[in-house]
Amino acid sequence: MSSGGQASRNFQYMWILRGGSTRSVEFNLIPYLTDKTLLPLLEVTDDQTVLAFAGRLTSNFREVFVDVPRYLLDRSNKFQEALRELLRAYPDPVDFLVTLKSWMNWPPLPSSGSSPFIPVASSHGNVVSPDYSDQIIMVRSLSGQFSPIAVRVAVPQLTITNIASTNNSYTSLLQQLPRNSYVLLDVPVISGYVPVAALNIREMSLRARQMGHKVFVLNAFDPFPTGHNFGPYFAFENQLEGFGDFATEPRIPLEGGGGYSTSIIKYYDHERFRIEEFRGNGYQDAENRLTASTIWQHQSSHRSNCRACLEVEHSNYQVSPAYWKQFRIEHYITCIVNDTQNLYGTVTSGPDLDPIGQDIIIRGSQTG
Ligand SMILES: [Zn+2]
């Protein structure tokens, strides 16, 4: 292995999913994800389904990160009520994480002796000038009981070195962390904030890496048709351990869906790092538009390794919204662990990896 900027030629992908219902698309998808390098981060939204999710995840993957996502209390969404109930029973998320550990009775991993359960210290969501004191308190309580641990911190929407309180708070947090912790830099909103996010990720990841921590960037992907996936670019440019996101699901899950008459298939374009939409009068019509498109014709080599795409190619698809949600998520994760991982091994710089992303950052810096 060479040193410095050339050291890393791969990344780990962190899939963030919520433990809602065991009838959910995410729960059913877990057995289909066979890439063992995936790192799932389970956001626990209630204590009824957590054992089923955690059990299925640990039987498929080596390690599971577990977070109690208190930021979901800040805006209305379909998980809010169940999460409130969980926090009434366990006002301190650390108590819940310790209880879950004893419920699961996870044995240490044979190779390293560390636990496959990595607790995440996170917080509410002041995203403009965050303060990390909640995480500092959680880290103190978790350190005696878990190793390793992870902290999930909001990347500020202002330049961190210009906000003394946030900057100092971040320094204190890093000092409290046991060596070899995970620092998850969570981007609250990426569209419109790309240049400041780029600066902050560089600054925050550099400081965390210097102290021996593993750094991931989370949610640098706006999964809407106008958005861009900056995760691979930021991870490459800053030599991070990897990146993660909700695999094309929105960060804030809305309450029940409305009655759309248009059926929309969302297809991730791994070459342009963005979502393309195919709209139809019913899913069969939308599927026809997808498979007749230039992008589908052009990306035939991807399909030989994508179970979801092969099923569509062989017309074994269904016309339910749940089917196309699973298609969207599974296709995205397959693109990341196959196509983007392969591309990573052949490029030497972020701009080489993702010239469109580089261009958006430069243009944003000039106008902002
Ligand atoms: Zn695919």
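Where is Ser315 found? Ser315 is found in the loop between α12 (307-313) and α13 (321-344), where helices (H or I, at least four residues) and strands (E, at least two) are DSSP runs, numbered from the N terminus. The points below begin with the model itself and return to this residue at the end.

1. The structure is a predicted model, in which local features need pLDDT of at least 70 and side-chain atom pairs count only at pLDDT 80 or more, while totals for chains, interfaces and linings use all residues. Residues are numbered from 1 along each chain as its sequence is written.

2. A closed barrel of eight strands runs in the order β1-β2-β3-β4-β5-β6-β7-β8, with parallel pairing, where two strands pair if DSSP finds at least two bridges between them. The twist from one strand to the next averages 25°. Strand β1 (residues 12-19) runs parallel to β8 and is joined to it by four bridges, and Gln12 stands opposite Gly242 in β8.

3. Helix α2 (residues 50-60) packs on the sheet, where it touches β1, β2 (39-44) and β3 (64-67), and its direction makes about 175° with that of β2. Such angles run from 0 to 180 degrees between N-to-C directions, and the axes are lines fitted to C-alpha atoms, for helices over the stretch in contact. Contact between two residues requires that their C-beta atoms, placed from the backbone, lie within 7 Å.

4. The axes of helix α5 (residues 133-143) and helix α6 (residues 164-176) come within 9 Å and cross at roughly 10°. The two helices α5 and α6 are therefore roughly parallel to each other, a term for angles under 35 degrees, while those over 145 count as roughly antiparallel, 65 to 115 as roughly perpendicular and the rest as oblique. In this contact, Ser133, Gln135, Ile136, Val139 and Arg140 in α5 meet Ser169, Ser172, Leu173 and Gln176 in α6.

5. Within α5, the buried residues are Gln135, Met138, Val139 and Leu142. They lie on the same side of α5, because they cover an arc of only 105° around the axis, the arc being that of the directions from the helix axis to the C-beta atoms. A residue is buried if 20 or more other C-beta atoms lie within 10 Å of its own, exposed if 12 or fewer, and partly exposed in between. The buried residues of α5 pack against α4 (93-104), β4 (117-121), β5 (150-154) and α6.

6. Leu184 lies in strand β6 (residues 182-186) and counts as buried, because it has 27 C-beta neighbours inside 10 Å. Leaving aside residues up to four places away in sequence, Leu184 touches Ala150, Val151, Arg152, Phe216 and Leu218.

7. Strands β9 (residues 263-269) and β10 (residues 274-280) run antiparallel and are joined by seven bridges, with Tyr268 opposite Ile275 in β10. They form a hairpin with four residues between them, and Phe273 in the turn has a positive phi of about 60°.

8. Most residues other than glycine have a negative phi, and most peptide bonds are trans. The peptide bond from Ser147 to Pro148 is cis, with omega near 0°, and Pro148 lies in the loop between α5 and β5. Thr248, in the loop between β8 (242-245) and β9, has a positive phi near 80° and counts as partly exposed, because it has 19 C-beta neighbours inside 10 Å. Ser315 has a positive phi near 60°, and with 9 C-beta neighbours inside 10 Å it counts as exposed.
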